Amino acid sequence: MQKLIYVPPGTSIDRIEDCAVFSLAPPLILGSVSGVGGAETTLVQDTIPGLDGVHVYTMRTESREVNATIHVKGGTRQGMYEKRFALIRKLSPKKEPGTLYYQNDYISVCIAAYPANAAEFATRIKNFNSAQLTFRCPSPYWEAVEEMPPSYMAYVEGGFSFPLEFAPERDHKIQFASRSNRCTVLNNGSVATPVRLTILGPANNPAVHNLTTGETIRVKKTLEEGDTLVIYTKPGEKRVLLTGKDGATSSAFAYIDLQSTFFQLQPGVNELQYESGNESEMTRVIIQYRERYAGV
């Protein structure tokens, strides 16, 4: 079973009454949908004298267009026109994109989308009215609806607290503190995905290495206890924000080492490692990401 849900900007999928839901059930019946598979690609190329064929510089994935045939059903003809009008209102163009959700029997994904038209209604048979919908998506990649569970690095786990109390029946459960500055992150998506790194101070010139790709992002800054540094690596939306223990947030982009790369997690296994100028500090690093797909 396939389902499309369009959530207009400024609202939430939790307010389903404000969304346009297209499924096998009336009043908005989904007839067919296309454009959810692999996105179109273009070779950036040039001809070189003396070279057969062309020289390819890179490959660009184009924006995505999702098309759907839908049918509006009403209990009466007036009811049909009422539901049609409500749908047109929800699809009214705005400056900000809405969110388009797509679901089939295997996966649920979402993508930022602009309705290309309010709805081109054509054939009407009794209380049914058909329309063609087009959604233009600036990014070609679908995203998982939910973020993956966070991964952690470089923090002290377990250990003793004082005063100590030992219970004989629980002696076999006593654990000493452990510290790990490495972790393995699995990206089950089909394309690279941006990552959000949250570094909780104290830390001295913290750095996170992607050992799988050989890329590093380093911050030339001392974080005090209570400071929080957030690094987001999505192209076009890169951010480095520092929140002090007083709650004030400011840009920390100027502290990024010029040799840094805002890396993304590659499909498959990614080995990450944290590094600090003072390895004894009780720093905590949180890795969060949302898997992306070239098509579903």
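## Contacts of D257

The side chain of D257 comes to 2.7 Å from the backbone nitrogen of Q259, and it also makes a polar contact with the side chain of K220 at 3.4 Å (a polar contact being a pair of N or O atoms within 3.5 Å, where within protein one must be able to donate a hydrogen and the other to accept it, and residues adjacent in sequence count only if both atoms are side-chain atoms). D257 is placed in the loop between β23 and β24 (268–275), and it counts as buried because its relative accessibility is 15% (buried means under 20% relative accessible area, exposed over 50%, partly exposed in between, with a 1.4 Å probe and protein chains only).

## Basis of the model

This is a predicted model, in which local features need pLDDT of at least 70 and side-chain atom pairs count only at pLDDT 80 or more, while totals for chains, interfaces and linings use all residues. Residues are numbered from 1 along each chain as its sequence is written, and side-chain values use heavy atoms, with hydrogens and water left out.

## The open sheet

An open sheet with antiparallel pairing is formed by 6 strands in the order β12-β25-β16-β21-β22-β23 (strands are DSSP runs of E, at least two residues, numbered from the N terminus; two strands pair if DSSP finds at least two bridges between them). Strands β12 (151–153) and β23 (249–251) stand at the edges with a single partner strand each, so one side of each has no neighbour in the sheet.

Within this sheet, β21 (residues 228–232) and β22 (residues 239–243) pair in the antiparallel sense over 5 bridges, and I231 stands opposite V240 in β22.

Terms used. Helix = DSSP H or I, 4+ residues; strand = E, 2+ residues; numbered from the N terminus.
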